[in-house]
Amino acid sequence: MIGAARAVSKNTLDWAVYANKGIIWQTQSENSPPAIRAVIKQLQALPDFDGSNCVVCMEHTGLYNAHALDVFFQAQLPIWLEASLHIKQAGGLQRGKSDSIDAQRIAEYAYRFQDRTRLWKPARPVMKKLWDRPCG
């Protein structure tokens, strides 16, 4: 089972889960830690859910990913951030565009290209210190 979440905006996330033959579950949530934790509980309640065989694949949307990255990391779920261009190119000619459809495409992409998975890791503390330092 491969899970996918797509940060739509600073306010919402669209989710889709792809398993062997297609999308088996889909929902939308707020982009907030409590809402993300609630969806993770729903995912874990799915029949045949196996956290060791699951990866959360998301488009890299910068700041809008922050809440999800923190919550997924705390929940010890593997995280795969992928450039939207890679996902788009892998899908060929595509018709229709919505956040819900994008979540489905990301989930399918993650399933099809499991061999290309690059897991995300948080920045080291020393790097965070450097980023937080004022310039000048």
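Two strands are taken as paired if DSSP finds at least two bridges between them. Helices (H or I, at least four residues) and strands (E, at least two) are DSSP runs, numbered from the N terminus. In strand E5, Glu-82 is the bridge partner of Glu-59.

The model is a predicted one: local features need pLDDT of at least 70, side-chain atom pairs count only at pLDDT 80 or more, and totals for chains, interfaces and linings use all residues. Residues are numbered from 1 along each chain as its sequence is written, and side-chain values use heavy atoms, with hydrogens and water left out.

The protein contains 5 helices and 5 strands. Along the sequence, these elements follow the pattern β-β-β-α-β-α-β-α-α-α. The protein has 136 residues, and 37% of them count as buried (under 20% relative accessible area, with exposed over 50% and partly exposed in between; 1.4 Å probe, protein chains only). The accessible surface comes to about 8500 Å² (Shrake-Rupley method, 1.4 Å probe; for residues, only the protein chains shown count as cover). Carbon and sulfur atoms account for 52% of that surface. Contacts (heavy atoms within 4.5 Å) were also sorted by sequence separation. Among those between residues at least 6 apart in sequence, 55% join residues at least 24 apart.

Strands E4 and E5 were examined next. E4 spans residues 56-59, and E5 spans residues 79-82. The two run parallel and are joined by 4 bridges.

Helix H2 covers residues 66-74 and forms a β-α-β unit with E4 and E5. The unit is right-handed (with the strands pointing away from the viewer, the path from the first strand over the helix to the second runs clockwise). Ala-68, Leu-69, Val-71 and Phe-72 are buried in H2. Just after H2, Gln-76 takes a positive phi of about 60 degrees.

Cys-57 counts as buried because its relative accessibility is 0%. Cys-54 also counts as buried, at 8% relative accessibility. The count of disulfides (pairs of cysteine sulfur atoms within 2.5 Å) comes to 0.

Ser-29 lies in strand E3, residues 22-30. Ser-29 counts as buried because its relative accessibility is 9%. Leaving aside residues up to four places away in sequence, Ser-29 touches Asn-11, Thr-12, Leu-13, Trp-15, Ala-35 and Val-39. The side chains of Ser-29 and Trp-15 are joined by a polar contact of 2.9 Å. A polar contact is a pair of N or O atoms within 3.5 Å; within protein, one must be able to donate a hydrogen and the other to accept it, and residues adjacent in sequence count only if both atoms are side-chain atoms. Asp-14 is 15 residues from Ser-29 along the chain, and their C-alpha atoms are separated by 6.5 Å.

Asn-31 lies in the loop between E3 and helix H1 (33-44). Asn-31 counts as buried because its relative accessibility is 6%. Its side chain reaches the backbone oxygen of Tyr-64 at 2.9 Å.
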